Amino acid sequence: MKFSGVNLLDELAKPDLADLRAIFNERAYSKGAVMFAPEETDLVFVVARGRVRIYLAYEDKEFTLGILNPGDIYSTHSGCYIQALDDVALLTTGVREVKKIMDSVPLFTRTMVRVLGHILKNSFSIIGGLAFKDIYNRLMDYMLTEAHDNGVEQDDGGVLVTINLTIEQLSQLLGATRQTVSTLINDMVRADLVEKRGRGQYLIVSMEDLARAAGR
């Protein structure tokens, strides 16, 4: 799912935005690389290829705030770690350069505000989940949200969800250990709430039953 609903790569390819595209330089990073640390630099970037994880880290815990896809935009001065989930290419530029063009390209500003707004929403969701819900409820909530946003309805009434995350990445997103998340997914399968259909694919047998189990 794209945070912004707008693919800036398509916009930057338009001839009338050639001057805007010219302020960006491309950088490549290998899968797993921590590209930026908090307050390390002051850049704005557009994801050109691959997926990017935005997360917080405290002692031995990591909390994923969001995952950016090609066409999404972000700023490195947010106080977060930024990691390449795949082999990644970024279009980067300085904050000063962006400020110069914000008034002349409203779409650029609106897209950044949307992405940052979704990151903030995810942050509050993580805080609320950690404070008021156990990990099982957080996992079921995540499954339900993905089903509503990206699920594919099946003829038998179920909803097929594809989660393009490893169990390790999913556990970081939920603020739990890999072993815990793996065990809870197996518990959901045994409870006939979901069925494993392939690598990263899960069939939610009944959205209503899963919502009830999650306490919604």
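Helices α5 and α6 pack at an angle of about 110°, with their axes 10 Å apart, where axes are lines fitted to C-alpha atoms, for helices over the stretch in contact, and angles run from 0 to 180 degrees between N-to-C directions. That angle makes α5 roughly perpendicular to α6, on a scale where angles under 35 degrees count as roughly parallel, over 145 as roughly antiparallel, 65 to 115 as roughly perpendicular and the rest as oblique. On the α5 side, Ile-135, Arg-138, Leu-139 and Tyr-142 meet Leu-170, Leu-173 and Leu-174 of α6, contact being defined as heavy atoms within 4.5 Å. The residues of this contact of α5 with α6 divide into 6 nonpolar, no polar and 1 charged; in this division Ala, Val, Leu, Ile, Met, Phe, Trp, Tyr, Cys and Pro count as nonpolar, Asp, Glu, Lys and Arg as charged, and the others, Gly among them, as polar.

The model is a predicted one, in which local features need pLDDT of at least 70 and side-chain atom pairs count only at pLDDT 80 or more, while totals for chains, interfaces and linings use all residues. Residues are numbered from 1 along each chain as its sequence is written, and side-chain values use heavy atoms, with hydrogens and water left out. The mean pLDDT of the chain is 82, and 85% of its residues reach 70 or more, pLDDT being the predictor's confidence in each residue, from 0 to 100.

The chain has 8 helices and 12 strands, counted as DSSP runs numbered from the N terminus (helices are H or I with at least four residues, strands E with at least two). Of the 216 residues in the chain, 46% are buried, where buried means under 20% relative accessible area, exposed over 50%, and partly exposed in between, with a 1.4 Å probe and protein chains only. Among contacts with a separation of 6 or more, 71% join residues 24 or more positions apart.

Helix α6 (residues 167-174) is mostly covered, since 6 of its 8 residues are buried, namely Gln-169, Leu-170, Ser-171, Gln-172, Leu-173 and Leu-174. The helix is followed by Gly-175, whose phi is positive, near 75°. Helix α6 also packs against α7, at an angle of about 100° and with the axes 8 Å apart, and that makes α6 roughly perpendicular to α7. In this contact, Ile-167, Glu-168, Leu-170, Ser-171 and Leu-174 of α6 come together with Arg-178, Val-181, Ser-182 and Ile-185 of α7, and by class the residues are 5 nonpolar, 2 polar and 2 charged.

Helix α7 (residues 178-190) in turn packs with α5 (residues 135-150) at an angle of about 70°, with their axes 10 Å apart, and the two are therefore roughly perpendicular to each other. Ile-135, Tyr-136, Leu-139, Met-140 and Met-143 in α5 meet Thr-180, Val-181, Leu-184, Ile-185, Asp-187 and Met-188 in α7. By class, this contact of α5 with α7 has 9 nonpolar, 1 polar and 1 charged residues.

Beyond α7, Asp-192 lies in the loop between α7 and β11 (194-198). Asp-192 has a positive phi, near 60°, in a residue other than glycine, whereas most residues other than glycine have a negative phi. At 58% relative accessibility, Asp-192 counts as exposed.

Two further residues illustrate contacts across the sequence. Thr-92, in strand β8 (residues 88-94), is buried, with a relative accessible area of 3%. Not counting residues up to four places away in sequence, Thr-92 touches Ile-23, Phe-24, Asn-25, Arg-27, Leu-43, Val-44 and Phe-45. With Leu-43, Thr-92 is 49 residues apart in sequence and 6.6 Å apart in space, C-alpha to C-alpha.

Gln-154 is found in the loop between β9 (152-153) and β10 (159-162) and, at 27% relative accessibility, counts as partly exposed. Setting aside residues up to four places away in sequence, Gln-154 touches Leu-160 and Leu-203. The C-alpha atoms of Gln-154 and Leu-203, which are 49 residues apart along the chain, are separated by 8.8 Å.
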